[in-house]
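Please read them alongside the sequence and coordinates.

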Amino acid sequence: MDLVKKTEEAFHKAVQRAGGKLVRLQEKTGVSYPIINRLNSGRNKFKDVSLQTVEKLFPELQAYFFRDEYPKPELAGFDHLTRSQQKLLKMIIELDEDGQLDALEALSRISERRRLVGEVEASKHQDLAG
């Protein structure tokens, strides 16, 4: 992720949302007009913008430096799943990536065993019927 480029793009979007009015962006964010003007004109580089200015420009910005700091996703939109399916999905989502891969491998083994048992049972029933 190119944080400098994303910050620049977000800045120009903020200017658009302020109707192209730099004064309006200054009033909304509390960042001084000269800083906003220099950023907009290109005289100041986004790689040199302080974190304090970024926080003022983008008060909704959230930063996560580690995966375990990510907010836990909600299961909205999964109402059609059974409670046990929702619980299983939630457990998997809360694992880190390695844990998710391990869980999927374990579920795959369980699924394969059940498929094989089903085939054996079906074969037994055919032998008894025939």
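1. Contacts of Thr 29. With residues up to four places away in sequence left aside, Thr 29 touches Ile 36, Lys 56 and Leu 57; contact here means heavy atoms within 4.5 Å. The model is predicted, so local features need pLDDT of at least 70 and side-chain atom pairs count only at pLDDT 80 or more, while totals for chains, interfaces and linings use all residues. Residues are numbered from 1 along each chain as its sequence is written, and side-chain values use heavy atoms, with hydrogens and water left out.

2. Setting of Thr 29. This residue lies in helix H2 (residues 22-29); helices are DSSP runs of H or I with at least four residues, numbered from the N terminus. Thr 29 counts as buried because its relative accessibility is 14% (buried is under 20% relative accessible area, exposed over 50%, partly exposed in between, with a 1.4 Å probe and protein chains only). A polar atom of the Thr 29 side chain lies 3.2 Å from the backbone nitrogen of Val 31.

3. Tyr 64 is partly exposed, at a relative accessible area of 35%, and Tyr 70 is partly exposed at 41%.

4. Position of Tyr 70. The loop between helix H4 (51-57) and helix H5 (83-93) holds Tyr 70. Its C-alpha lies 10.0 Å from that of Glu 94, and the two residues are 24 apart in sequence.

5. Nonpolar surface patch. Leu 88, Leu 101, Leu 104, Leu 107 and Ile 110 form a nonpolar patch on the surface, with about 410 Å² of accessible area together. Patch residues have over 30% relative accessible area and no salt bridge, and nonpolar side chains are joined within 5 Å; a salt bridge is a side-chain nitrogen of Lys or Arg within 4 Å of a carboxyl oxygen of Asp or Glu. Helix H6 (residues 97-129) gives the most to the patch, with four residues. Leu 88 is placed in helix H5 and is partly exposed, with a relative accessible area of 39%.

Methods: Helix = DSSP H or I, 4+ residues; strand = E, 2+ residues; numbered from the N terminus. Polar contact = N/O pair within 3.5 Å; in protein donor to acceptor, adjacent residues only side chain to side chain. Patch = residues over 30% accessible without salt bridge, like charges linked within 9 Å, V, L, I, M, F, W, Y side chains within 5 Å. Areas by Shrake-Rupley, 256 points an atom, 1.4 Å probe, with all protein chains shown as cover.
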